[in-house]
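My notes follow in the order of looking.

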Amino acid sequence: MVARLQYLATGLGLNPMALVLALVMTLALAPAAHAQTGTVVGTVQTEAGAPISGVDINIPGTGFRTVSGPQGNFRIDGVPAGTYQLRAFQLGYREARIEGVQVRPGAETRANVRLESLPIALSGVVVSPGRRAQRQSEAPATVTRIEAAELGNLAGGSFASALKQVKGLDFIQVGVSGAAVNARGFNSSFNNRMLMMEDGRIAVLPESGLPIGAFTPIPMIDMASMEILVGPGAALYGPDASSGVISLQSKDPRDFPGASAMLTGGSRGYMNAQVRQAGTSGDWGYKVTGEFHRVDDFENRLNYGTAAAPSWEIGTGGNPSATGDSGIDWENRVLRGQGLLAYYMDDSRLELGAGASQSSGVGQTNVGRNQFDGWTYNYLQLRYTTPNWFLNAYRAQSQAGNSYALNRYTSNRAANPGLSDDEVRLMSDWPSDGRLYAAEVQNRWTIAPLRGSDLTWGIQARRDVVSSDRQWLTDRLTGEDVTISQVGVYGQLETPVTTDLRLVLGARVDEHENYDTQVSPKAALVWSPRADQAVRFSVNRAFKSPSILQTNFWIPNFVPLVGVFHNTEGYSIRNGAGVEVHRLDPLVPESNITWELGYRGVLGNSFLLDVAGYMASYEDFLSPLTIFANPFGTTIFSNVPTTAFFAGSGDAVVDENGGPQIPLTYWNMGDAKIRGVDLGATWILDPRLDLKTTLSFIELTQQAEGGAQVQEATALNSPGTKWSVGLEGRDFGGFGGSASVRYVNGYTFTSGINRGEIPTHAGLDLSLRYRFAGTGLTLNATAQNLFACGSDTPDGERECGFDQRHIQMINMPAIGSVFLIGMRWGL
């Protein structure tokens, strides 16, 4: 046991004896057992004297808690004699704390509670920081929750626009409804640092590790909430959550019954239709949802060559001249939907759900762009939920359809003029069938002898099976699908040290068949001296494991004479005389350790402040795809031609015919340190009017020395400053609406071929809605980027105006104004 505590402390960078001493002190502070007990009774009422049911009543540091009944009454039996603090909390009210509650043996002690109303925007409940429901002010992490009501005010079919005002989150708009997100630096054009979850499922593409994002099968009309955890989440969620977690929760049929529909149209041929039907019959519940979406996206065209010898990007049937039809299909099309059958048993439920999506459009990579054509994602899930147990088993699948790489098509078309367009497309495709099988058991229980500590623990097993149709992964070599199995065990203990101070200790241990055991520990202190106010200090260590794409890429002649190869055994790089000039080690997981100090509190009755400062150190960055040997020229490792050899087998890196290759691969390189501040504030100006603002700073304080590849691997790729201000109004005679401004300071972006300056930009979004009384109908009109400042080229002059085109990502289209108008009916 001591050895394990020592290992945990070392992982956090702490003195092992300090950690042991903290645990001993916590146990020593546990109250002595009392042979005689009493009872605490009371009622919970509003300021006007109306009873409130469903209020959480607890005695801190004891584990005793209950919930108020229909008339606001509550009763807690078996409380040891003594003097206590009583707390009461309900969403929409300020937490109440009653001091000096004296419990006498064999007697009832009355403690009546009156709750003061507080806007829900100031007092929330979150799940993601501890994998259990807890008050947002007490969460040991930076987290934002977006509720169904706010999501319901969005026009169109994308939830992405709701992320524009999330504190600490980089939001990069790459299309009408397409967006990329990142947190706390080190972004890339193929970013898998943030984990996406949907209804308890890991929602990533098995073949790349990327979040499914716009491939989600959940229509927005069926979204109950989103939570965005910013910062390392690996201690509970595993190595895919090194920078944060985005968790989507769909609507439960019992909580959101009935029929609903939404129809939206707009500029650029925008059309979106969504329907949802849900209900209950006895102990059974069901829901069925569906969505159709299409829009003509913003466009641009890349030159994969040089100014003197251009190679203009083309798709199937495209004209390679600069003024010809590119052949790229910029129509973004999506079909998605899901269904659920639920069986309810008092406060437990059993659910069987399934969903699927099919998408087409254009997406960015580090080496070019992909033409998505019929890309499908589907899942099947069975889960059982009780107040203390969560059992989950699911299967998810991602298939590429007829998708292909535009950069490969462009070069293959030029190199094979005699082939048909369809033959060239097949040479340039990305056949992919990625399957993810996973199961999880999670339990939460209260340890009364340890001052009523809350323990959440779980076991998660996952197996990825990926086929590239024997074309671009190592299944091309073995003739068998690529498989990776991993098992993670996690736990988090939250212990009241005193009435106002809580100690949080957590860790996750992951066994991965390709790497050594990975440990992701965390520790935090949360001090809550007053109701609805808390100061937190935390330290987290997180890992980011290479994906199957990074460990099993295998495609000789990706373009003629240039191939991409996996790195699981390392490489020896030798000159023409056979002398080794450099050696690359096999890939290992990237790691980071983050220290964070934060405050979240309600000041007065109308102002919420949430601010966090952090410092983080990163090691063993995973490089971008990089050339490391060249039989025909120089590289970063040698000024003379070199050949690559596999370190394990000693075989030369060649194509299937034994021909030479200029190889690219991934490896670990460099380290870096960052620091930053994330701030969010909400001011209730009036019961009908909210003002929200966010502000973030980040800077790279230390970067590894080295060549261009090291600099790219450790590039911050994030704006040093960004802020947003938004005003939300409602219930003005049926009218409501919002106005928001988002500002992003210009920054350098370096990721593969996507290199340059992203200019400073800002945009104004407006929305107006009207609810038709007694009909359930809401009319919503939205103007995105109505007025903007920016530049439509990396080196262009900044201009401001209506429908001002501006780029937010290198080598993606400049974004302009989008106008939408929609009608929504039902919940």
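I counted as a salt bridge any side-chain nitrogen of Lys or Arg within 4 Å of a carboxyl oxygen of Asp or Glu. The model is predicted, so I kept local features only at pLDDT of at least 70 and side-chain atom pairs only at pLDDT 80 or more, while totals for chains, interfaces and linings use all residues. Residues are numbered from 1 along each chain as its sequence is written, and side-chain values use heavy atoms, without hydrogens and water.

**Salt bridges.** My search of the whole structure returned 54 salt bridges. I looked up Asp500 and found it paired with Arg87, with 3.1 Å between the closest N and O atoms. Asp500 sits in the loop between strand E28 (482-496) and strand E29 (501-512), and Arg87 in strand E5 (residues 82-89), so this pair ties together parts 413 residues apart in sequence. Strands here are DSSP runs (E, at least two residues), numbered from the N terminus.

For burial I used relative accessible area: buried is under 20%, exposed over 50%, partly exposed in between (1.4 Å probe, protein chains only). Arg87 is buried at 7%, whereas Asp500 is partly exposed at 24%. I also find both residues in a network of salt bridges, whose members include Arg94, Glu95 and Asp532.

Next I checked Glu313, which forms a salt bridge with Arg369, the closest N and O atoms being 2.5 Å apart. Glu313 lies in the loop between E20 and strand E21 (331-345) and Arg369 in strand E23 (residues 369-385), so parts 56 residues apart in sequence are tied together. Both Glu313 and Arg369 are buried.

**Disulfide.** With sulfur atoms within 2.5 Å as the criterion, I found one disulfide. Cys789 and Cys800 form it, with 2.0 Å between their sulfur atoms. The link of Cys789 and Cys800 is right-handed, with 115° about the S-S bond. Cys789 is in strand E48 (residues 777-790) and Cys800 in strand E49 (residues 799-802), so the pair joins parts 11 residues apart in sequence. I noted Cys789 as buried at 12% and Cys800 as partly exposed at 48%.

**Hairpins.** I took two strands as paired if DSSP finds at least two bridges between them. Strands E18 (residues 258-266) and E19 (residues 270-281) run antiparallel, joined by nine bridges. Three residues separate E18 from E19 in their hairpin, and Arg268 has a positive phi near 60°. E19 also pairs antiparallel with strand E20 (residues 284-296), over 11 bridges. In the two-residue turn of that hairpin, I read a positive phi of about 65° at Gly282.

Definitions and conventions. Helices (H or I, at least four residues) and strands (E, at least two) are DSSP runs, numbered from the N terminus.
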